[in-house]
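Subject: Structure handover

Hi,

Here is the model I said I'd pass on to you.

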Amino acid sequence: MGLFAFLGGCTGKKQGDAIAELTKPESFKNRVEWFWTEFEAKEAALRETMDTKADSDSLVERFAELLEIAFDKPYFEVGGTYDLIMTPEGDRTKLPMLYYWWLKAPESLKSKWRFFYTRQASAEGFGLRMYDVEASGEDVTVYYTVDDERQKVDMEIYCPKFVQLDENQRYSYLFILLDQCIGELHTIQHVGYIDFLDAEKPGDAVPLSGLKKILDNAVAENNWPGCGNPLEMWSNYEIAKPMDDDGILRSDIFVGYTNMMPLIESYFGKENIVFDEMLANGVVCGFMYYDNSEVPQSEIVPFRSRIEDEIEAIYSASHEVFLTGGATGSRNSYIDMVVFDFASFLPQVRAIAEKYGLKNCGFGTFKQGFGIIKF
């Protein structure tokens with residue numbers, strides 16, 4: 001639940017200019033295909049280098065050069081017996097790209113490599129040395145509170161080894177340990193407020209290494225969204241006082257749901273970093289909108305759901321479009337999505353609009369002032 005405010009009106013590009021800018025970068029679909037082709041050609045040499053434990057800096061550079069084919073700024077780790085681990089660095093908005101990359105991994109490689117789109121929880125004890133401090137999950141005590149309404153676990157942290165660290169260092173150290181102890185998706189989805197304590201206190205506590213069991217139980221007992229698929233981690237939101245400005249798409253929204261809340265917040269706050277970073281990778285994040293004034297009130301959500309189901313059915317095999325939410329406004333309904341090949345997507349979504357006879361329909365982006373593509 002949240003309250004968003006608009007920071008002024010917007011001016012849009014001409015429709016042709018908007019389409020040209022959205023299709024100018026190489027599509028993420030093509031970039032990922034190219035990456036996997038190149039990786040398949042070079043993976044044997046990479047495995048040989050890992051086997052011989054050659055210079056690690058040189059090895060990381062070789063992986064980085066390959067991953068930059070697909071990602072504008074890749075963050076990754078290499079380890080284990082041929083593990084390639086991508087990480088969103090705690091940024092939920094990067095999950096669709098990483099998940100798509102993972103889905104497109106060739107089957108021929110999976111008998112040799114393990115690919116991950118986030119850091120995984122380690123089954124074994126994990127120690128870390130940073131800032132001249134060595135600590136593991138056993139050294140960190142977590143006092144926890146389960147907040148069912150927010151679907152979060154709030155934590156107070158006590159670790160004597162962190163006393164010498166400043167606040168930023170403590171958080172950096174803790175989040176690396178969290179990813180290793182509970183997995184990065186749990187960290188992104190279910191970790192709530194964090195405070196550091198200077199002394200022990202009474203209350204429910206576990207070592208950090210035991211926190212995953214607490215989170216898994218909370219998910220199961222309270223029916224929270226799990227962490228098996230990053231696209232199924234939904235949140236609802238409401239806007240108490242919609243601006244209802246005819247010049248701004250989405251200003252009429254009063255209720256919605258999303259798995260990309262930072263993208264919703266950035267749009268309403270006119271912060272364009274997320275949109276620009278995704279477009280630099282060839283990914284378009286936007287929404288289909290249509291006039292819902294002639295849809296009976298009781299049918300507004302079911303009607304939108306039928307359109308969502310149709311879009312999902314079209315892309316269920318290729319995964320070139322991921323739906324990321326939907327919203328209802330006083331004028332329009334909205335279907336949110338990330339698109340990995342915008343040029344091929346545009347005729348498909350136009351055809352859907354025509355099939356359902358949608359009025360005042362088009363495609364907008366999660367960047368105010370970018371422009372609108374009207375169907």
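Let's start with charges and rings: the charged end of Lys 201 sits over the ring of Tyr 143, 5.8 Å from its centre. Arg 250 does likewise with Tyr 334, lying over the ring face at 5.3 Å from the centre. For a charge to count as sitting over a ring, NZ of Lys or CZ of Arg must be within 6 Å of the ring centre and within 35 degrees of the ring normal.

Some housekeeping before the rest. This is a predicted model, so keep in mind that local features need pLDDT of at least 70 and side-chain atom pairs count only at pLDDT 80 or more, while totals for chains, interfaces and linings use all residues. Residues are numbered from 1 along each chain as its sequence is written, and side-chain values use heavy atoms, with hydrogens and water left out.

Now the aromatics. Searching the whole structure gives 42 aromatic pairs (Phe, Tyr or Trp rings, the six-membered one for Trp, with centres within 6.5 Å; planes under 30 degrees apart are stacked, over 60 edge-to-face, the rest tilted). One of them is Phe 28 with Phe 340, a tilted pair at 5.6 Å centre to centre and 45° between the planes. Phe 28 lies in helix α2 and Phe 340 in the loop between β14 (332-339) and α11 (342-355), so this pair ties together parts 312 residues apart in sequence. Helices (H or I, at least four residues) and strands (E, at least two) are DSSP runs, numbered from the N terminus. Both Phe 28 and Phe 340 are buried (under 20% relative accessible area, with exposed over 50% and partly exposed in between; 1.4 Å probe, protein chains only).

Phe 39 and Phe 115 make an edge-to-face pair, 5.8 Å centre to centre with 70° between the planes. Phe 39 is also in helix α2 and Phe 115 is in strand β3 (residues 114-116), so parts 76 residues apart in sequence are tied together here. These two are buried as well.

The strands, β4 (residues 127-130) and β5 (residues 133-136), pair in the antiparallel sense over 4 bridges (DSSP must find at least two bridges for a pair). Leu 128 stands opposite Ala 135 in β5. On β4, Leu 128 and Met 130 make up the covered face, and Gly 127 and Arg 129 the uncovered one.

Cheers
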